[in-house]
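Here is a short tour to read alongside your structure viewer. Keep the model open and follow the residues as they come up.

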Amino acid sequence: MLNGLEKMRRTAVYPGSFDPPTNGHCDIIKRSAKLFDCLIVAVAENPAKKSFFSVEERVIMLREIVSEYGNIEVDHFDGLLVDYTENAGAVTIIRGLRALSDFEYEFELALMNRHLNATVDTIFMMTDEHYSFIRSSLVREVARLGGDISDKVPPVVEKYLKERLP
Ligand code: PNS
């Protein structure tokens, strides 16, 4: 029989804006899902940041992306990530690291989160080298300018981008 702490250790939260989800995100999602019994992909609602896709659209895209996996849930949250993580019954946050340029921001985020709630810790996964240059804002820009993004995002995201962009 698992005790409460053991159960918590088996769940991880992978938070992000996912605006839109990219193949880099998918790589982290799939690899994290192998390490934990349950992975919650949590889309952050940030009213201060104007997003391209609504939270609902991002959740729909992610749900389709993870549909073949039995141990991945997609959810959304507002407020503090550490509060969401604790309420979800987890003690682990997953973040992907692409290049050195990600490090400073991620370091600050992780330290602030630990300062806010020391029971929650952050684990970093190095991105696969194929995806190290992919980020959502670049994907949006390339798509807007008519470039090929088919190998940078899952098909459902490409479909949403094509529908949205002129
Ligand atoms: O994909 P992103 O934009 O790099 O994700 C950033 C995210 C959503 C993980 C971060 O902004 C976040 O945790 N937002 C929730 C609000 C919060 O807890 N802020 C304090 C963390 S320092």
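What follows covers the aromatic rings, the ligand site and a pair of strands.

First, some housekeeping: this is a predicted model, where local features need pLDDT of at least 70, side-chain atom pairs count only at pLDDT 80 or more, and totals for chains, interfaces and linings use all residues. Residues are numbered from 1 along each chain as its sequence is written, and side-chain values use heavy atoms, with hydrogens and water left out.

**Aromatic rings**

Rings of Phe, Tyr and Trp (its six-membered ring) pair if their centres lie within 6.5 Å; planes under 30 degrees apart count as stacked, over 60 as edge-to-face and the rest as tilted. By this rule there are five aromatic pairs. Two of them are set out here.

| Pair | Geometry | Centre to centre | Angle between planes |
|---|---|---|---|
| Phe52 and Phe53 | edge-to-face | 4.9 Å | 90° |
| Phe103 and Phe107 | stacked | 5.3 Å | 20° |

Phe52 is partly exposed at 28%, whereas Phe53 is buried at 1%. Ring pairs also bring in Tyr160, which forms a cluster with Phe52 and Phe53.

Phe103 and Phe107 are both in helix α5 (residues 100-116), four residues apart, or about one turn of the helix. Helices (H or I, at least four residues) and strands (E, at least two) are DSSP runs, numbered from the N terminus.

**The ligand site**

Which residues come nearest to the ligand? Of the 13 around it, they are Ser17, Ala44, Gly79, Leu81 and Arg95. Oxygen atoms of the ligand lie 2.5 Å from a polar side-chain atom of Ser17, 2.8 Å from a polar backbone atom of Leu81 and 2.9 Å from a polar side-chain atom of Arg95. The protein buries 74% of the 540 Å² that the ligand exposes when taken alone.

**Two strands**

Strand β1 (residues 11-16) pairs with β2 in the parallel sense over six bridges; pairing requires at least two bridges found by DSSP. Pro15 stands opposite Ala42 in β2. Strand β2 (residues 38-44) is mostly covered, with six of its seven residues buried.

Definitions and conventions
Buried means under 20% relative accessible area, exposed over 50%, partly exposed in between (1.4 Å probe, protein chains only). A residue is near a molecule or strand if one of its heavy atoms lies within 4 Å of it. A polar contact is a pair of N or O atoms within 3.5 Å; within protein, one must be able to donate a hydrogen and the other to accept it, and residues adjacent in sequence count only if both atoms are side-chain atoms. Accessible areas come from the Shrake-Rupley method with a 1.4 Å probe; for residues, only the protein chains shown count as cover.
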